[in-house]
Amino acid sequence: MNDEYYMRRALELSLKGNPSPNPYVGAVLVKDGKIISEGYHHRTGMAHAEVEVMRGVDCKGATLYVTLEPCSHWDRTPPCTEAIIAVGIKEVVYGADDPTEKVRGREELKKAGVKVRRGILAADSERINETFFKHARTGLPFVILKSGMTLDAQIATTTGDSKWITSKESRREAHMMRSRYDAILVGVNTVLKDDPRLTSRIPKGRDPLRIVLDGRLRIPLNAKVLKDRNVLVVTTEQHDPRKMKRLLKKANVWVMGKKQVDLKRLMRRLGAGGVTSVLIEGGSRVNYEFAKADLIDKYFLYIAPKLMLGKNMQVFNGDGIKKLDDARKLRITSVKRLGEDMLVEAYTI
C-alpha cells in the first residue's frame with residue numbers, strides 16, 4: 001500500500017457524494033498500515049469528509065488521506081483542521097490545494113505539529129472538482145454542453161422529431177448528469193416543442209436550477225418547467241410587460257439584454273449568485289450562441305449509430321466558420337459505449 005493507493009480510494013469515495021456548490025471530497029484514515037475508516041462529503045451543510053471519517057474510531061497516531069486541503073474556516077460547518085488536531089492525527093496527506101483564499105488548512109495543521117504532505121494525485125482531484133475550481137478562481141460557472149445526435153451530427157428530423165435519437169442507457173446517464181450540476185439551461189423553443197420538466201428523475205437525486213432563455217417571454221404559463229419556483233426565465237427588453245407580470249407569480253425573471261440575451265452577463269450574474277456549473281441542453285441555436293461566445297468548457301456528445309441523410313437540424317445552427325483555422329479545437333479525454341451509442345467527453349482548448 002502506498003500514498004497513491006490510499007488517495008485513489010479517497011477519490012472513489014468522493015464521487016459518492018453530491019455536495020455542490022461544495023467540492024467533492026473523500027477521505028480514508030490509515031493506522032498501522034490498514035484503512036480503519038472511510039468517509040466522504042455527502043451534501044452541502046453535512047459533515048465534511050474529514051469529520052465523517054473520524055467518527056467512531058481511535059484516530060490518535062493515524063494518517064489521514066483526503067483529496068482536498070482541509071478547511072480552516074467557519075462556514076456552514078466548523079473548521080476541519082480543528083477536528084483533525086483535536087483527535088491526535090499525526091499526519092495529513094492531501095491531493096489538491098484548496099483554491100479559495102480563505103482556506104489555509106496546511107498552515108494551521110503545521111502550526112499544531114501535524115505533518116502535512118500535499119500534491120498526491122492533485123490533477124485527479126482538480127478534475128473531479130473542475131466546476132468548483134473554475135468558480136473559485138474566476139467567479140464564473142463551469143459550462144457543459146450535452147447533446148444527443150446521429151453520426152451525421154443531426155439532433156432532429158426535418159419535422160422536428162427527436163424522440164429518441166439516443167439509447168435508454170444514454171438517457172439514463174444524462175438524467176444522472178443533471179443531478180450533478182447546479183443549473184440546466186435550454187431555449188424557449190425546447191420548452192415550446194417538448195414541454196420538458198428538466199428534472200433529474202433520479203431517486204434521492206438533486207434537481208438543478210432550471211434556466212430558460214426566452215427573449216420575448218413566449219413560455220406558456222402552464223409549462224411543466226414551471227412546476228415550482230426553482231426556475232429562472234431570462235428575457236430581454238423586448239418582452240411583453242403584461243406577460244412578465246403574470247410570469248413573476250411562477251418564476252424568477254431576469255432581463256439580460258436589449259434584443260438578445262447577453263450570455264456573458266448572465267454567466268457573471270449566475271456565478272455571483274453561487275451557481276458553479278451550468279449544463280446546456282438547449283437546441284441548435286442556443287448551442288451555437290454559447291459556442292460562438294466561447295463560454296463552453298466541456299462537451300458530452302452522445303452519438304447514436306443512425307443517419308438522417310440530409311439537412312435536418314444540426315447540433316449548431318449559426319453562420320458557421322469560414323476558415324478552418326478558426327474552428328473550435330477540442331481535447332477528447334474519453335470515448336465509451338452506452339448501449340448502442342458512443343459518449344465522447346471533450347474539453348475546449
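This is a predicted model: local features need pLDDT of at least 70, side-chain atom pairs count only at pLDDT 80 or more; totals for chains, interfaces and linings use all residues.
I then checked how enclosed the strand is. Five of the five residues of β9 are buried, so the rest of the structure largely encloses it.

Next I looked up the strand's partners. β8 and β9 pair in the parallel sense, over five bridges. Here Ile184 stands opposite Arg210 of β9. On to β10: β9 pairs with it in the parallel sense too, over four bridges. In that pairing Ile211 stands opposite Leu232 of β10.

What does Ile211 touch, leaving out residues up to four places away in sequence? I found Ala183, Ile184, Leu185, Val186, Leu232, Val234 and Leu270.

I went on to the largest nonpolar core, which has 32 residues. Leu185, Ile211, Leu213, Leu270 and Phe290 have the most contacts inside it. I listed the elements that give two or more residues to this core: β6 (142–150), β8 (183–187), β9 (209–213), β10 (231–235), α10 (263–272), β12 (277–280), α11 (284–292) and β13 (298–304). The largest share, four residues, comes from α10.

Last, I noted a second, separate core of 21 residues. Met54, Cys59, Val114 and Phe133 are among them. For context, nonpolar side chains tend to be buried together in soluble globular proteins.

Methods. Residues are numbered from 1 along each chain as its sequence is written. Side-chain values use heavy atoms; hydrogens and water are left out. A nonpolar core is a set of buried Ala, Val, Leu, Ile, Met, Phe, Trp, Tyr and Cys residues joined through side-chain atoms within 4.5 Å. Buried means under 20% relative accessible area, exposed over 50%, partly exposed in between (1.4 Å probe, protein chains only). Contact means heavy atoms within 4.5 Å. Two strands pair if DSSP finds at least two bridges between them.
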